[in-house]
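Trainee: Please take me through one part of this structure closely. I would like to look at the open sheet and what surrounds it.

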Amino acid sequence: MSAAPSDATPTHTGSCHCGHVTYTGSFDLVSGHIIKCNCSICHKKGYFLLSPTSTASFSLLTPTSESELADYQFAKKLVHHYACPKCSTSVYISGFFEMGDEEIPFMAVMANTLDKRLDGEPLEDLRKVKIKYIDGRHDKLELLDEPFPGGAW
Ligand SMILES: [Zn+2]
């Protein structure tokens, strides 16, 4: 039996503040990055967006259906903003970014809802994860190392 490759992306669990909403997913907190965006909702809610290595690696554990989550949508309603219906913690977003005629699938958890790694190793230190900034306010996906106007560190 061979050991798992040391560079395998670990599986993590995460939850809202009260524990009603829980999930698992694989997140690369070493070479990956957290995204902060200056659009109206990302800015006001203070989102720290972290995409799983694949959407397929993400599973909502509890409650059993997304229909049991608080779901906020606005404008063209391309993105679900899921939160806990009990403690109101924003947990993840899922939907599409519009780029011209294209709709690009996008899914991300709030990095600060991560709890632990399933392999028993300590959770990565979020202070060491690179933060990248996007200009969502103008529907641009270019990533920079500093906030665009209207955003915040
Ligand atoms: Zn909760």
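Mentor: Start with a term: helices (H or I, at least four residues) and strands (E, at least two) are DSSP runs, numbered from the N terminus. This is a predicted model, where local features need pLDDT of at least 70, side-chain atom pairs count only at pLDDT 80 or more, and totals for chains, interfaces and linings use all residues. Residues are numbered from 1 along each chain as its sequence is written.

The unreviewed UniProt entry annotates residues 12-124 as "domain: CENP-V/GFA"; such annotations may be inferred rather than shown by experiment. Over residues 12-124 the chain is 45% strand and 5% helix. The end C-alpha atoms of that stretch are 10 Å apart.

Now the sheet. Four strands form an open sheet in the order β5-β2-β1-β10, with antiparallel pairing. Two strands pair if DSSP finds at least two bridges between them. β5 (59-62) and β10 (114-117) stand at the edges with a single partner strand each, so one side of each has no neighbour in the sheet. Strand β1 (residues 11-15) pairs with β10 over three bridges, in the antiparallel sense. There, His-12 stands opposite Arg-117 in β10.

Next, follow the chain out of β1. His-20 lies in the loop between β1 and β2 (22-26). His-20 counts as partly exposed because it has 17 C-beta neighbours inside 10 Å (buried means 20 or more, exposed 12 or fewer, partly exposed in between; C-beta atoms are placed from the backbone). Beyond its neighbours within four places in sequence, His-20 is in contact (C-beta atoms, placed from the backbone, within 7 Å) with Thr-62, Cys-84, Lys-86 and Cys-87.

Notes
Two residues are in contact if their C-beta atoms, placed from the backbone, lie within 7 Å.
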